[in-house]
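Please look through the sequence and the structure shown here before reading on, and keep both in view while you work through the report.

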Amino acid sequence: MTNEINWNQLKDAAVAAMKNAYVPYSHFPVGAAALVDDGRIVSGCNVENASYGICLCAECGLVSNLSMTGGGKLVAFYCVDGAENVLMPCGRCRQLLFEHSEEGMLLQTVSGIKTIEQVLPDAFGPRDLAEGFGNEQRN
Ligand code: THU
């Protein structure tokens, strides 16, 4: 599936999402879109708050949209800023994406197409919990 990714379609979805951003504080709109393993596209925009620290990144909306529309694994991801340029997901959002990514999920980045494992090396994720080592230690 990964060699059939329509990056233009994903960018268009990210740009459309970006136009819904609520950014009265930073004036920095962000839109994110991703292809899901069943072929649908999910997206999100950033939604800020007067309590600056709880601003929601575009990726938060995207993963919520993923769950709300049937779940699945993310296969490819595209994020844009207000000028429609590619934007890197922040560190916290790389972790958010990793949780829901198919192994080898591709991202359009400022230095070309990369995998989620390249932008979040040695990530902590669901498989670490599944191994149960931490739980055994506590019991
Ligand atoms: N932002 C995102 O939506 N996603 C990112 O990955 C980077 C940052 C938002 C958060 C805030 O609303 C604005 O960009 C400026 O930091």
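The report below goes through the ligand site, the aromatic pairs, the salt bridge, and a hairpin with its surroundings.

## The model and its ligand

The structure is a predicted model, and the descriptions that follow should be read with that in mind. The residues around the ligand are Ser-26, Phe-28, Val-30, Asn-46, Glu-48, Cys-57, Ala-58, Glu-59, Met-88, Pro-89 and Cys-90. On its own the ligand has 370 Å² of accessible area, and the protein covers 78% of that area.

Three of these residues can be described by their polar atoms. In Glu-48, an N or O atom of the side chain is 2.5 Å from an oxygen atom of the ligand, and in Glu-59 a polar side-chain atom lies 2.9 Å from a ligand oxygen. For Cys-90 the backbone takes this part, since one of its N or O atoms is placed 2.8 Å from an oxygen atom of the ligand.

Asn-46, which is one of the residues around the ligand, is found in the loop between E2 and H2. Is Asn-46 buried or exposed? Its relative accessible area is 6%, and because buried means under 20%, Asn-46 counts as buried.

The side chain of Asn-46 also reaches the backbone of two residues that are themselves listed around the ligand, Phe-28 and Val-30.

## Two aromatic pairs

A pair of aromatic rings is described by the distance of the centres and the angle of the planes. How many aromatic pairs does a search of the whole structure find? The search finds two. In one of them, Trp-7 and Tyr-78 form a tilted pair, with 6.3 Å from centre to centre and 55° between the planes. This pair links distant parts of the chain, given that Trp-7 belongs to helix H1 (residues 7–18) and Tyr-78 to strand E3 (residues 74–80), 71 residues apart. Trp-7 is buried, with a relative accessible area of 16%, and Tyr-78 is buried as well, with a value of 8%.

Tyr-25 and Tyr-52 form an aromatic pair that is also tilted, with 5.4 Å between the centres and 50° between the planes. Here, too, the pair links distant parts of the chain, 27 residues apart: Tyr-25 lies in the loop between H1 and strand E1 (31–36), and Tyr-52 lies in the loop between strand E2 (41–45) and helix H2 (58–68). Tyr-25 is partly exposed, with a relative accessible area of 37%, while Tyr-52 counts as exposed at 58%.

## The salt bridge

Side chains of opposite charge can pair when their charged atoms come close. A search of the whole structure finds one salt bridge, and it is formed by Asp-38 and Arg-40, whose closest N and O atoms are 2.8 Å apart.

Which of the two partners is buried, and which is exposed? Asp-38 has a relative accessibility of 52% and counts as exposed, because the limit for that word is over 50%. Arg-40, with a relative accessible area of 18%, is buried.

## The hairpin and its surroundings

Strand E4 (residues 101–109) pairs with strand E5 (residues 112–115) in the antiparallel sense, over four bridges, and the hairpin that joins E4 to E5 runs through two residues. Within this pairing, Gln-108 stands opposite Ile-113 in E5. Leu-107 also has its place in strand E4, and this residue is buried, with a relative accessible area of 0%. Between Leu-107 and Asp-128 there are 21 residues of separation in sequence and 23 Å in space, taken from C-alpha to C-alpha.

Gln-118 is found in helix H4 (residues 116–119), and it is exposed, with a relative accessible area of 51%. The side chain of Gln-118 reaches the backbone nitrogen of Thr-115 at 2.8 Å. Along the chain Gln-118 and Gly-104 are 14 residues apart, and their C-alpha atoms are separated by 8.9 Å.

Conventions: Residues numbered from 1 in each chain as written. Predicted model: local features only at pLDDT ≥ 70, side-chain atom pairs only at ≥ 80, totals over all residues. Heavy atoms only, no water. Salt bridge = Lys/Arg side-chain N within 4 Å of Asp/Glu carboxyl O. Buried < 20%, exposed > 50% of the residue type's maximum accessible area, 1.4 Å probe, protein only. Pairing = 2+ DSSP bridges. Phe/Tyr/Trp six-rings, centres within 6.5 Å; stacked < 30°, edge-to-face > 60°. Near = heavy atom within 4 Å. Polar contact = N/O pair within 3.5 Å; in protein donor to acceptor, adjacent residues only side chain to side chain. Areas by Shrake-Rupley, 256 points an atom, 1.4 Å probe, with all protein chains shown as cover.
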